[in-house]
Amino acid sequence: MAHLPGNYRVSQVLRTDRFHIPAKQASRYQTAGVFLGGDAAHVHSPLGARGMNLGIEDAASFARRFGDGMLAGYTDERRPAGHRWIELSERILSTVQSTNRFIQTFRNLAMRTIGAVPALQRQSASRA
Ligand SMILES: Cc1cc2nc3c(=O)[nH]c(=O)nc-3n(C[C@H](O)[C@H](O)[C@H](O)COP(=O)(O)OP(=O)(O)OC[C@H]3O[C@@H](n4cnc5c(N)ncnc54)[C@H](O)[C@@H]3O)c2cc1C
């Protein structure tokens with residue numbers, strides 16, 4: 001808690017736990033008549049805020065392909081998207097957790113700048 005920004009004081013701890021963040025992806029999203037989507041297909045850190053969105057996109061892709069009779073291409077369409085976001089969220093995580101002074105300074109400056117400039121905020125949101 002001492003590392004959190006702001007002036008907080010912990011008066012009572014109700015529960016402590018370890019929060020483990022796996023970064024994994026299924027090698028295939030489909031086999032025979034079984035299809036994977038959402039966290040069953042890809043899990044990564046919450047940084048980047050994409051896990052749920054990716055899962056919804058998987059479901060939308062599955063539904064569209066099911067309707068069009070094109071399920072064979074499901075893995076080829078969705079796996080690269082999952083891979084891209086696992087890589088990006090791992091990169092964000094390592095930047096957030098970095099103890100390197102130079103990276104910390106650059107990171108904090110970049111976040112402050114993006115937070116203060118609406119055009120950069122929009123660009124960053126549209127990338128997500
Ligand atoms: C702290 C945190 C913050 C996050 N923030 C964001 C965010 O801002 N934006 C975003 O897009 N994503 C975010 N995510 C990711 C998002 O929560 C997940 O990607 C999403 O909930 C995954 O949905 P899912 O349905 O695939 O899996 P789950 O939500 O894990 O659902 C799977 C369900 O299956 C059930 N289940 C498991 N095994 C069995 C079984 N054998 N039989 C029956 N049922 C079973 C489980 O109980 C569960 O209800 C965040 C995740 C965390 C941890």
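**A tour from the ligand outwards**

Begin by selecting the ligand, which is surrounded by G38, D39, P46, A49, R50, G51, M52 and N53, where a residue is near a molecule if one of its heavy atoms lies within 4 Å of it. What you are viewing is a predicted model, in which local features need pLDDT of at least 70 and side-chain atom pairs count only at pLDDT 80 or more, while totals for chains, interfaces and linings use all residues. Residues are numbered from 1 along each chain as its sequence is written, and side-chain values use heavy atoms, with hydrogens and water left out.

Next, show the polar contacts, that is, pairs of N or O atoms within 3.5 Å. A side-chain N or O atom of N53 is 2.7 Å from an oxygen atom of the ligand. A backbone N or O atom of M52 lies 2.9 Å from a nitrogen atom of the ligand, and for a backbone N or O atom of A49 the distance to a ligand nitrogen is 3.2 Å. Of the 1000 Å² of accessible area that the ligand has on its own, the protein covers 30%, by the Shrake-Rupley method with a 1.4 Å probe.

Stay with A49, which sits in the loop between β4 (42-43) and α1 (51-68) and has a positive phi near 50° without being a glycine. Most residues other than glycine have a negative phi. A49 is exposed at 56% relative accessibility, since exposed means over 50% (1.4 Å probe, protein chains only).

Finally, select A32, in the loop between β2 (30-31) and β3 (34-35), where phi is positive at about 50° although A32 is not a glycine. A32 is exposed too, with a relative accessible area of 79%.

Methods:
Polar contact = N/O pair within 3.5 Å; in protein donor to acceptor, adjacent residues only side chain to side chain. Helix = DSSP H or I, 4+ residues; strand = E, 2+ residues; numbered from the N terminus. Buried < 20%, exposed > 50% of the residue type's maximum accessible area, 1.4 Å probe, protein only.
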